[in-house]
Amino acid sequence: MAHNTPAIVILGNGSLATARRIQQVYPGAVIYGLVDRVQGADRTYSEFGATLRQIYQQDTPIIALCAAGIVIRTLAPLLLEKGAEPAVLAVAEDGSAVVPLLGGLGGVNVMAREIAAGLGIAAAITTSGELRFGTCLLNPPAGYALGDLALGKRFVSDLLSGESVRIEGAAPWLAKAQLPEDDQAQLAIHVGSAERAPSEHELLIYPRCVAVALSATLPELVASVRAALHEAGIAVQSLACLLAPATQMADPLLHQAAAELAVPIRFVAPASASEMAAQAVPQLLPPICVSEDLAIVVAPQPLDVEQIGRGRGRLAVIGLGPGAADLMVPAVKAELARANDVLGYETYVRMAGPFRADQVLHCTDNREEMQRARHAFELAASGRSVVVVSSGDPGVFAMASAVLEALHESSNPQWHTVELEILPGVSASLATAAQAGAPLGHDFCVMSLSDNLKPWDVIEKRLDLASQADLALAFYNPISRSRPWQLGRALEIVRQHRTPETPVTLGRDIGRPGQTLRIITLGDLTPEQVDMRTMVLIGSSTTCVFPRADGGTWVYTPRWYGEKPGG
């Protein structure tokens, strides 16, 4: 039984040794440890409930090393539809017990046995059907689909009450089960691709052995596929994939139809529908040619879809945020989990880990943005899932622009059919502002003081105009060894339009270990207080400060301008 790579969640250092033993069973699993209580976890979290619910909603199996009751109470608000849940298990801190809690149809008992074997104990399996028959009839292995869950539950109940069963069709895994078989039994497990009417006396299991080839995008595509399968007497549950010409890889109607049918699309060389079907899935029987644009091919066993043609490549440009795992958006975490290849500046790639052994890292110098972008498209065009990593937000002085520029300049049609997505992150300016309060609470201007990619005279002009406009200012790349004088010159320009009392926020490594935050004034700010890892936020004429109860200072720029409303 295949399952997604699990997350192992622990609350204290006493669980870490057991978590590492479980990680040997699932080498790609990530260990989440409670911040300030666990040293050596792969990732840290600050709130158990929010973290567990987030992992659950990402359809990631959960192995929680804590009391079962805590897990149940935490996930209770999310338990809506049985059958649409990831596996969830509770494991004793010392590894003495493994208890499957949720995901009976998601392979939880299989996982429980795998973990128990790794820990040298017996799993606490309580599912009657699995205990009696050694398999979960309602959760067939990959390559097979259950016909009707509600009828299936009644069927299993009848088996458990003492009825015998006969097996019709080829089902290798059932041969290993301890079923009460009888060739004359009233109950039957039917395995086959033919369309059959549901019956309370039959458990219908469909091998996913059918591919539908489409040489053109048909009107009412989903309805056309369903109708073609029905006319051929084939159950839609046996559909394993759609086949389409590689020239239609970016067709949104195709992808919409595949999503509605809940099957992948595999792309092959353009040809007629019957030729595509015959070449992609060679069989003894020729494809069923429904029309010039649609053909059906039926294999004698479940299809290994990954071996047919190729999938559409995907390239995601992601923002990690400032560095803290808690400030990385869930969509970015999910993208990293699905990636085959991860590209970026080495410092940022390491921040994005840990990675599975099968994930390929491509670390390059921070000055090689265009080469990195082109390499990413080459990988994605071959059908791989690729991530390009930026810190902060990928669209703020980061990789999104370089990736789009590389695509804009390219005449390679394969690059343009890659599924491209930009996933946002918390930028350094916003992370620093949040630590201080709301210094960017009104209109503001974000600028890089680096003149590597634009002339210094352009920077000076923009600084002068933004300062005249009384915008709050956020400076990226404020100073470096190669240009130590530029921040001083920038401050000269700003001081022509701001008073010395203007609040300034200096955030260094915000969101990372050792972060520091200082609130000073424009009059006290000197270049020596700043380095390349410092975010500089300079307030507008309306920016205010006041003391915090803990001894710090709050900074905010009110949303009103001029006279306060109602004042």
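**Helix α15 and its setting**

Modeller: Directly after helix α15 comes G437, whose phi is positive, near 135 degrees. Helices (H or I, at least four residues) and strands (E, at least two) are DSSP runs, numbered from the N terminus. The model is predicted, so local features need pLDDT of at least 70 and side-chain atom pairs count only at pLDDT 80 or more, while totals for chains, interfaces and linings use all residues. Residues are numbered from 1 along each chain as its sequence is written, and side-chain values use heavy atoms, with hydrogens and water left out.

The helix itself spans residues 428–436, and its buried residues are S429, A431, T432, A433 and A436. Buried means under 20% relative accessible area, exposed over 50%, and partly exposed in between (1.4 Å probe, protein chains only). The cover over these buried residues includes the strands β21 (437–438), β23 (472–476), β24 (503–508), β25 (516–521), β26 (534–538) and β28 (553–556).

We may now turn to the wider chain. The protein chain contains 17 helices and 28 strands, and 47% of its 567 residues count as buried. Its C-alpha atoms fill a box of roughly 95 × 60 × 50 Å, taken along the principal axes. A contact means heavy atoms within 4.5 Å. Among contacts in the chain with a separation of 6 or more, 62% join residues 24 or more positions apart.

The interior can be described through nonpolar cores. A nonpolar core is a set of buried Ala, Val, Leu, Ile, Met, Phe, Trp, Tyr and Cys residues joined through side-chain atoms within 4.5 Å. The largest such core has 41 residues, and V212, L214, V225 and L242 have the most contacts inside it. Elements that each supply at least two residues of this core include β11 (210–214), α7 (221–231) and α8 (252–261). Strand β12 gives the most to this core, with six residues. L242 touches V212, L214, A258, L261, V263, P264, I265 and R266, not counting residues up to four places away in sequence. A second, separate core of 23 residues includes C445, I459, I493 and V536.

With residues up to four places away in sequence left out, R350 touches L361 and C363. The C-alpha atoms of R350 and V88 are separated by 29 Å, and these two residues are 262 residues apart along the chain.
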